[in-house]
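Hello, new reader! Here are my notebook entries on what I looked up, one topic at a time.

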Amino acid sequence: MAESIPEFLARSPLFASMRADELKRLVPWLDVRQIPSGQVLLWEGKDHDDFYILWRGKVVVSKMVRGEVETVLAHLTPPAHFGELNLVDGNGSSATVTAEEDCLLLHFTRERLKRLLESDSQLSAHFAWALMRDITARLRKTNQKLQEIV
């Protein structure tokens with residue numbers, strides 16, 4: 001039997017702290033997108049209001065260094081997610097994300113986040129808290145890498 005969206009989300013570290021009923025309430029706010037290999041999902045520097053959770057497939061995250069060389073930062077596999085920084089602040093994507101394989105993704109927009117905040121305060125608080133924890137963990141990891149370099 002195929003894995004349901006709430007079952008998949010429960011395996012994601014981002015959503016692991018959410019209860020099953022909350023995950024079920026989150027599903028209507030998401031849409032499923034099929035993306036072919038080679039398609040760019042987010043362009044570095046462009047304002048996207050998209051947040052993705054990778055359900056199947058693989059994406060590559062890359063960044064232009066010194067404006068000349070594209071450097072691969074990561075290869076992501078399920079249940080990775082991306083697009084959270086621009087979802088929150090609207091200041092442009094920090095990297096380019098491209099499908100390396102055909103992908104199945106769960107998609108969430110800034111507009112949906114705003115509507116979720118207005119309509120389900122408990123669910124939106126848990127989602128926002130999960131995003132804050134994730135962004136904080138990534139920032140700490142980046143700081144640690146910088147300390148190792150210096």
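**Salt bridges**

I began with Asp31, which is buried, its relative accessible area being 19% (buried means under 20% relative accessible area, exposed over 50%, partly exposed in between, with a 1.4 Å probe and protein chains only). This is a predicted model, where local features need pLDDT of at least 70, side-chain atom pairs count only at pLDDT 80 or more, and totals for chains, interfaces and linings use all residues. Residues are numbered from 1 along each chain as its sequence is written, and side-chain values use heavy atoms, leaving out hydrogens and water.

I then looked up the partner of Asp31: a salt bridge joins Asp31 to Arg112, with the closest N and O atoms 2.6 Å apart (a salt bridge is a side-chain nitrogen of Lys or Arg within 4 Å of a carboxyl oxygen of Asp or Glu). Asp31 lies in strand S1 (residues 31-35) and Arg112 in helix H4 (residues 110-119), so the pair ties together parts 81 residues apart in sequence (helices, H or I, at least four residues, and strands, E, at least two, are DSSP runs numbered from the N terminus).

Next I checked Arg110, which is buried at 17% relative accessible area. Arg110 forms a salt bridge with Asp47, the closest N and O atoms being 3.1 Å apart. Arg110 lies in helix H4 and Asp47 in the loop between strand S2 (40-42) and strand S3 (50-56), so this pair ties together parts 63 residues apart in sequence.

How many salt bridges does a search of the whole structure find? I noted 11.

**Helix H5**

Last, I looked up Glu148, which lies in helix H5 (residues 121-149). Glu148 is exposed, with a relative accessible area of 59%.
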